[in-house]
Amino acid sequence: PSMLLAGFFMAALWAGIASWMRVTWQVNEILTTLLMNYIAISLVSYFVYGPWKDTKGGNFPNTVLFSENARLPMILDTRIHWGVAMVVLLALLLYLILHWSKWGFSVRMVGNNLRASLYAGIQAKRTLFWVLIISGGLAGIAGFMEVAGLEYRLHHRMAKGYGYTAIIIAWLAKKNPLWVIPISLLLAGLAIGGEMVQITYSLPRSLVQILEGTLLLAILVSDFFYDKMIRWLEKA
C-alpha cells in the first residue's frame with residue numbers, strides 16, 4: 001500500500017509541474033509532459049546505474065529484487081495479479097465521478113467546450129489543474145503495477161512506450177473510462193501478437209505499431225468526415 005500511495009503522489013507531483021505551466025502560461029501539456037519523460041527516464045537510469053544498483057547481480061543495471069511483501073499477489077493460481085482488478089475498479093470509479101458528480105460535470109464541460117464552461121461560471125483553470133494532477137497520479141499507479149506486479153525490480157528499460165499506446169486508447173474510448181478496458185485488452189493482444197509474429201515468423205514487430213497508427217488515423221479521419229456530415233445535415 002505504501003508503494004501504491006508513493007507512486008500516486010510522486011507522479012501527481014511530477015505532473016503538477018506541467019499542470020502549473022498549463023494554467024499559468026498556457027504551455028501545452030502534451031509538449032511539456034513529452035519532454036519531461038526524457039528527464040524521468042534519465043533520473044531512473046542514474047539511480048539504477050548508480051546508488052540503487054544491485055552490486056551482487058553482475059553488471060546489469062537493476063535494483064535488488066523486491067521482497068515478497070513488496071509484490072502484488074496473484075489471483076488464485078493464475079499469472080494475473082490483483083492490479084488488474086484494481087484497474088477495473090478505478091475505471092468504474094472514474095466513470096461514476098465523471099457522469100454522476102458535480103465536479104465530473106465540470107470536467108466534461110471544460111473538456112468539451114472551454115468557452116462555454118467559462119460562460120457557465122465554471123472555474124476552468126482550477127478544474128484543468130486538478131485533472132492533470134490526478135491523471136499523473138493514475139499514471140503513477142500504472143507504473144507501480146508494472147514494477148510490483150511484473151518486473152519486481154527497477155531497471156533502465158522500464159519505459160516501454162505505454163503512454164503513447166494510451167493516447168490511441170483514449171481516442172478510441174471517446175473519453176469513456178469503461179471503454180478503456182476492452183480497448184486496452186485489444187491493443188494488448190496486438191502487442192503480444194507482435195512479439196509472437198517476430199519470434200515465429202521472423203517478421204518485424206514494428207508491423208503492430210504500423211497497425212496501431214493506421215487504426216488511430218482511421219478514427220481521426222472518420223471523426224472529421226462525421227463532423228462534416230453532421231454540419232451538412234444541419235444546414236440542409
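I take a residue as buried when its relative accessible area is under 20%, as exposed when it is over 50%, and as partly exposed in between, with a 1.4 Å probe and protein chains only. The model is predicted, so I kept local features to pLDDT of at least 70 and side-chain atom pairs to pLDDT 80 or more, while totals for chains, interfaces and linings use all residues. Residues are numbered from 1 along each chain as its sequence is written, and side-chain values use heavy atoms, with hydrogens and water left out.

Overall fold. I counted nine helices and zero strands, where helices (H or I, at least four residues) and strands (E, at least two) are DSSP runs numbered from the N terminus. The C-alpha atoms fill a box of roughly 70 × 45 × 35 Å along the principal axes, and 25% of the 236 residues count as buried. Taking a contact as heavy atoms within 4.5 Å, I noted that among contacts between residues at least 6 apart in sequence, 58% join residues at least 24 apart.

Helix 5. I looked up Ser117, which lies in helix 5 (residues 114-119) and is buried, because its relative accessible area is 0%. A polar atom of the Ser117 side chain lies 2.5 Å from the backbone oxygen of Leu114. Beyond its neighbours within four places in sequence, Ser117 is in contact with Met109, Val110, Ile122 and Ala124.

Helices 4 and 6. Which residues of helix 4 meet helix 6? I found Trp103, Ser106, Val107 and Val110 on the helix 4 side, and Ala124, Thr127, Trp130, Val131 and Ile134 on the helix 6 side. These residues divide into seven nonpolar, two polar and no charged; Ala, Val, Leu, Ile, Met, Phe, Trp, Tyr, Cys and Pro count as nonpolar, Asp, Glu, Lys and Arg as charged, and the others, Gly among them, as polar. Helix 4 (residues 102-112) and helix 6 (residues 124-151) pack at an angle of about 100 degrees with their axes 10 Å apart, the axes being lines fitted to C-alpha atoms over the stretch in contact and the angles running from 0 to 180 degrees between N-to-C directions. The two helices are therefore roughly perpendicular, a term for angles of 65 to 115 degrees. Thr127 in helix 6 is buried, because its relative accessibility is 8%, and it touches Trp103, Ser106, Val107, Val110 and Ile122, not counting residues up to four places away in sequence.

Helix 9. How far apart are the end C-alpha atoms of helix 9? They are 44 Å apart, which agrees with the 44 Å that its 30 residues (206-235) should span at 1.5 Å a residue; the expected span is 1.5 Å times one less than the number of residues. Val208, Glu212 and Leu216 are buried in this helix, and helix 7 (162-173) and helix 8 (177-201) are among what covers its buried residues.

Loops. Ala70, in the loop between helix 2 (29-49) and helix 3 (83-100), counts as buried because its relative accessibility is 16%. Ala70 touches Met3 and Ala148, leaving aside residues up to four places away in sequence. I also noted Ser202, in the loop between helix 8 and helix 9, which has a positive phi near 60 degrees although it is not glycine, and which counts as exposed because its relative accessibility is 63%.

Terms used:
A polar contact is a pair of N or O atoms within 3.5 Å; within protein, one must be able to donate a hydrogen and the other to accept it, and residues adjacent in sequence count only if both atoms are side-chain atoms. Angles under 35 degrees count as roughly parallel, over 145 as roughly antiparallel, 65 to 115 as roughly perpendicular and the rest as oblique.
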